[in-house]
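The structure is shown first.

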Amino acid sequence: MKTNIAARGHGMPIPTSDGEFTARYSSKGLCGLEFPSGTKQRKSEGGAAPPAAQVRRWHAAASKALGLALAGRPPKRLPPLDLSGGSEFQQRVWRALGRIALGQTWSYSQVARAIGNPKAARGVGGACGANPIPVFVPCHRVLAAHNGLGGFSGGLKWKRALLKREGVRLPH
């Protein structure tokens with residue numbers, strides 16, 4: 001079976017027991033991950049399609065990593081993540097999110113302090129909402145004050161599910 005190659009704007013499916021995710025690739029790596037239908041679709045930008053063989057390798061790595069993440073286990077290997085579509089501030093937030101360990105949560109204020117801008121909690125929330133690669137850039141691990149869920153681009157049902165699978169206990 002031939003794999004459909006996807007640049008920005010065209011998605012490649014990742015079937016899971018939770019539904020079909022869609023991965024998008026740029027010449028730099030994975031640039032988007034969308035939850036199964038019924039959730040917010042990300043706007044994709046144009047760009048040169050990466051070589052087909054490279055995308056197949058990246059897609060295999062993304063598929064395996066997503067399966068592990070959905071099982072609440074740390075992915076052993078991720079494809080390169082292309083976060084270049086965000087502003088400098090967003091990219092700083094997204095890199096900070098990568099430091100939140102599986103099974104742990106930070107508040108928006110903690111992320112703001114981690115990027116050296118303690119008054120930017122609201123901006124951190126916006127950056128989390130604009131995160132193009134949820135699950136792998138774990139914005140679901142960011143909670144509002146007093147362990148409130150806050151928002152999530154994939155919907156609160158997904159946020160709760162991902163946190164539960166990682167062993168995070170949330171207040172009812």
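Two strands count as paired if DSSP finds at least two bridges between them. Helices (H or I, at least four residues) and strands (E, at least two) are DSSP runs, numbered from the N terminus. The model is predicted, so local features need pLDDT of at least 70 and side-chain atom pairs count only at pLDDT 80 or more, while totals for chains, interfaces and linings use all residues. Residues are numbered from 1 along each chain as its sequence is written, and side-chain values use heavy atoms, with hydrogens and water left out.

Three strands make up an open sheet in the order 1-2-3, with antiparallel pairing. Strand 1 (12-16) and strand 3 are the edge strands; each has a single partner strand, so one side of each is left without a neighbour in the sheet. From one strand to the next, the twist averages 30°, where axes are lines fitted to C-alpha atoms (for helices over the stretch in contact) and angles run from 0 to 180 degrees between N-to-C directions.

The two pairings are listed below.

| Pair | Sense | Bridges |
|---|---|---|
| Strand 1 and strand 2 | antiparallel | five bridges |
| Strand 2 (residues 19-26) and strand 3 | antiparallel | five bridges |

Strand 1 and strand 2 form a hairpin with two residues between them. Within this pairing, Thr 16 lies opposite Gly 19 of strand 2, and Met 12 faces Ala 23 of strand 2. Strand 2 and strand 3 also form a hairpin, with two residues between them. Here Tyr 25 has Leu 30 of strand 3 as its bridge partner.

In a regular strand, side chains alternate between the two faces of the sheet. Strand 3 (residues 29-34) is mostly covered, with six of its six residues buried. Buried means under 20% relative accessible area, exposed over 50%, and partly exposed in between (1.4 Å probe, protein chains only).

**Helix 1 on the sheet**

Helix 1 (residues 52-70) lies across strand 1, strand 2 and strand 3. The helix runs at about 30° to strand 1.

**Arg 141**

Where is Arg 141 placed? Arg 141 sits in the loop between helix 4 (121-129) and strand 5 (142-143). With a relative accessible area of 8%, Arg 141 is buried. Leaving aside neighbours within four places in sequence, Arg 141 is in contact (heavy atoms within 4.5 Å) with Ile 100, Ala 101, Leu 102, Gly 103, Gln 104, Thr 105, Trp 106, Leu 163 and Glu 166.
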